[in-house]
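Please walk through this structure with me, one chain and one contact at a time. Keep the coordinates open as you read.

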Amino acid sequence: MLDVIWLVPALPLAGFLLILLFGRRLGEPKSGILAASMVGGAFLVTVGAFFDLLSKSTEERHHVETVFSWMPIGSLKVDLAFLADPLSITMALFVTGIGTLIHLYAIGYMHGDPKFSKFFLYLNLFVFSMLMLVLGENLLVTFLGWEGVGTCSYFLISFWHTRESAATAGKKAFVTNRVGDWGVMMGMFLAFGAAGTLSYEGINHAAESGAISGVTATAIALMLFVGACGKSAQLPLYVWLPDAMEGPTPVSALIHAATMVTAGVFLMTRVNPVLAVAYDWAPTIIAIVGVATALFAATIAVAQNDIKKVLAYSTVSQLGFMFLAVGSGAYIAAIFHMVTHAFFKALLFLGSGSVIHGMHHEQDMRKMGALRVLMPITAFTFIIGWLAIAGVPPFAGFWSKDEILLYAFAKSPILYAVGMLTALLTAYYMTRQVIMVFFGEARWNDHSEEHGAHGDFKPHESPAIMLLPLVVLAGLSVVGGALQLPFTKDLHFLEKWLEPVVEFGEADIHESWAYQNKYVLLGVAVIVALAGIAASIAVYAKKKLPAVEPALLANGWQYDSSIARFMGGPGRRAFEGVAWADRTIVDGAVNGVGQVVGATGQIARRAQTGAVRAYAAAIGLAVVGLLVWFFLRGVVL
Amino acid sequence: MSLLATASPTSTWYLLLAAVLFGIGAVGVLVRRNPLVMFMCIELMLNAVNLSFVALAKRLGDIGGQTTVFFVMVVAAAEVVVGLGIIVSIMRKRPGATADDITALKG
Amino acid sequence: MELVVFVLAAAMVLVGALGVILRSNPVHAALSLVLTLFGIAVMFVAQEAHFLAAVQVIVYAGAIVVLFLFVIMLLGVDRSEDIRIEPFKVQRPLAAIVGLGVIGLVAASIVASRDAIGGGSGSLDTPTSTGNGDSNIRQIAESVFGDYVVAFEVTSILLVVAVVGTVMLTRRVKSGKDKS
């Protein structure tokens, strides 16, 4: 199966092309089923590749499949090649697996939408791009996928483009991503300059053997991190992710929870030898940005009322955790959290989509309540997702979050403290969400007229095709922690699997205080999670304490409006200054040259008198001049 | 006087004379306005060149100089024929024109 | 004896030349040109170029100057131009510079290099050296029809072309038909 690893991105690409040509004819639901089966097929091939890799010994788990030589230009040799190693197969597995589930879900969710086929067209294109990203053998194939997912994100966010807010959100996502893309490009140029190649093997090998200097490695790592900040929504480029909730919920689940936003973490993990060779303050910056983003987003999530916005800020926060792990040298923990987060965040988003669908597209949580009676399966699976993200054992999120915090403590207790505070807030706002949506009094009766409802408005459970993925993901959220349990070395499946990829960059914390006392920290984590849940219940369920939801947090610390004010005011003046310079100086220089030529021509024109004798005189003078020269050369000198 | 009578002209004298004749011809071309007279001055210049060729042929003992003069004369004849033909055609259109009146190339 | 011949011939040449450029009447200028050409022919004889002297008189003085006079008569340009006026103010000073420059520099070069140009490889056949009266003609003939026969043929073509061309140029077309 490893030989045909190219099938993995090829199948969604085929789906894209088929729907492009025949989508309108296929219609609903055939185009959806086609798309889902393509991604499902890719998943099966990936599973086959996984077992193939498993059958090899640890050192041999590194298979490169070259499709064709893409750019042989002098010393730059870039192939369109796929790399099947533990990291890329892990990523491909959950991208295709969760992708298939979400495709199935979307068949139900997008029912009745006039642009049904187009949705699956973009979804397949997205899966193709994402698979190029993770399976790429070199930075350029990854970048191809990187740009592809950005473009598809734009298409899908502004899917209902007739709505102004959706169109604006799409543009915002694209532009912010572009700023990050600049970082990736600079990183690529520097990497090529330092290592002479763009392939991961070449770059990592160069880093491990010391061929890349500390300065260059730091520059490469930080530039790639800028790209990761854009794609994975960290400070200061996170602003597009909350707005991206304008897209349909399957999009939010697939792209903005499980797959695209993890691309940044994946990229940093791929080049972990470079990060290891860089100066020590580079990973520290990454960790600080990660944990700051985590806390920042968590505070905002506390005050949001839109069911999807809470989850969006939650995603930003959890991604912050992953970067905290990367910065602390805990790549395996980062990947672990990425996988578990994919499970429970997709579950939460799909669940919220189910709620929205059942509430006839109402998204304000203040108008929901007591839905667990009317939507039992949705509620049940959502509660499992809630427990996972809040960090309650034995659900998946607890184990992965704890692993990260362990490494964070080993790096610096301050990072640990901030991370713990964020975990507390996570438990708090997620509990708030669950209570507001599924428990309490039913508040949807008061607003039934606004929905154009016919008589009695009653929220209903979603169809089976939407509930199936919820159940599957809930199951995975329960057992997902088994990938890497901290109790004994034998249970560290993920670590053993990923070790060949990250062994150079992985931090060794066996000697640290944190590792010796990991069960203490485990207990602290449990207590913090339960405390957060209890506090939230006290505020929102029992109404014993007042709710703290200041407007500042609801507005996202005024971050968006500050950017808008800056860009509209001083920013605009700067841009107009640059435009003026271009018009006057650059264009003026170019036009000026033309004018000088014309003026010179007018002056030179006066020599053309048309009188033969004047020309003869000129010839005569030239002859005399020549004679002088020859005379001086031959006779005098 | 006796010294002068016994001095014989060397080829250098002929060359110098040719130079002077050439200069006079050049001045004539620049100063005269009548096209026919300008042409005659060009003939003066050609004759100066012929003279210098013959003088050098004598000095170097090479008959090639005289052959060259032969060909120069032939070509000069052809040139005069064509040149006068052109002058005739122009003068027919504008009788009494001088070299200064023909300014069609003025830019 | 040669000196006297040289001085007389030089006087003819220079007087004729100055006459060409200074006489306002073109017919007078043409006759001055004849004087110059005769002077040049005398100098050719003095340099043992007998054939060329004959050709000079026959072709230059006999044909070319006659042609000039024919054209003058044909076109009636014998009206003198006023040589005292000069429309381009700068022309005369420039002409003076050109003339003096050319004469001075070439003369200086000639004088400076008079020893550098050595005696050549061959020798000119003269009647005194061979005892044959037509040795110059013979030598020129051998040169023209031997080394330079291609040039000779080409110049004959040139003459034909010139004649045909000039006839075409000066054709008087019948009025009414627009032919150039």
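Along its sequence, chain C reads α-α-α-α-α-α-α. That makes 7 helices and 0 strands. The model is a predicted one. Chain C has 180 residues, and buried residues make up 27% of them. Take the contacts in chain C with a separation of 6 or more: residues 24 or more positions apart account for 48% of these.

Now look at one helix pair. Two packed helices are described by the angle between their axes and the distance between the axes. For helix α2 (residues 26-46) of chain C and helix α3 (residues 50-75) of chain C, the angle is about 175° and the axes are 8 Å apart. Angles over 145 degrees count as roughly antiparallel, so α2(C) and α3(C) are roughly antiparallel to each other. Which residues make the contact? From α2(C) they include Ala30(C), Leu33(C), Leu37(C), Phe38(C) and Phe44(C). From α3(C) they include His50(C), Gln56(C), Val57(C), Tyr60(C) and Phe68(C). By class, the residues of this contact are 20 nonpolar, 2 polar and no charged.

The loop between α2 and α3 of chain C holds Glu48(C). Its phi is positive, about 65°, although Glu48(C) is not a glycine. Most residues other than glycine have a negative phi. Is Glu48(C) buried or exposed? With 20 other C-beta atoms within 10 Å, Glu48(C) is buried. The cut-off for buried is 20 or more.

Next, step from chain C to its neighbour. Chain C puts 70 residues in contact with 67 residues of chain B. On the chain C side, α1 (2-22), α2, α3, α4 (91-112), α6 (135-147) and α7 (149-169) each supply at least two residues. The largest share, 12 residues, comes from α3(C). By class, this side of chain C has 51 nonpolar, 14 polar and 5 charged residues.

Chain B also touches chain A. That contact takes 11 residues from chain B and 10 residues from chain A. The chain B side divides into 7 nonpolar, 2 polar and 2 charged residues.

What about the interior? In soluble globular proteins, nonpolar side chains tend to be buried together. The largest nonpolar core here has 216 residues, and Leu131(A), Val274(A) and Ala346(A) touch the most other members. Helix α14 (residues 331-358) of chain A gives the largest share of this core, 18 residues. A second, separate core has 74 residues, among them Leu15(B), Phe39(B), Leu37(C) and Leu94(C). Leu37(C) also belongs to the contact of α2(C) with α3(C).

Zoom in on Leu131(A). Leaving out residues up to four places away in sequence, Leu131(A) touches Val8(A), Pro9(A), Pro12(A), Ala42(A), Ala92(A) and Val95(A).

Turn now to the strands of chain A. Strand β1 (residues 63-73) of chain A is hardly covered: among its 11 residues, the count of buried ones is 0. Strand β2 (residues 76-84) of chain A runs antiparallel to β1(A), and 9 bridges join the two. One bridge pairs Val64(A) with Leu83(A) in β2(A). The hairpin of β1(A) and β2(A) has 2 residues between the strands, and Gly74(A) takes a positive phi near 60° there.

The loop between α7 and α8 of chain A is the place of Ala233(A). Ala233(A) is a residue other than glycine, yet its phi is positive, near 55°.

A cis peptide bond joins Leu235(A) and Pro236(A), with omega about -5°. Most peptide bonds are trans. Where is another cis bond? Go from Pro393(A) to Pro394(A): the peptide bond is cis, and omega is near 0°. Pro394(A) is found in the loop between α15 (376-390) and α16 (396-411) of chain A.

How values were computed. Residues numbered from 1 in each chain as written. Chains lettered and ligands numbered in written order. Predicted model: local features only at pLDDT ≥ 70, side-chain atom pairs only at ≥ 80, totals over all residues. Contact = placed C-beta atoms within 7 Å. Nonpolar A, V, L, I, M, F, W, Y, C, P; charged D, E, K, R; others polar. Core = buried A, V, L, I, M, F, W, Y, C linked by C-beta atoms within 7 Å. Buried ≥ 20, exposed ≤ 12 C-beta atoms within 10 Å, placed from the backbone. Helix = DSSP H or I, 4+ residues; strand = E, 2+ residues; numbered from the N terminus. Pairing = 2+ DSSP bridges. Axes fitted to C-alpha atoms, helices over the stretch in contact; angles between N-to-C directions. Parallel < 35°, antiparallel > 145°, perpendicular 65-115°, else oblique.
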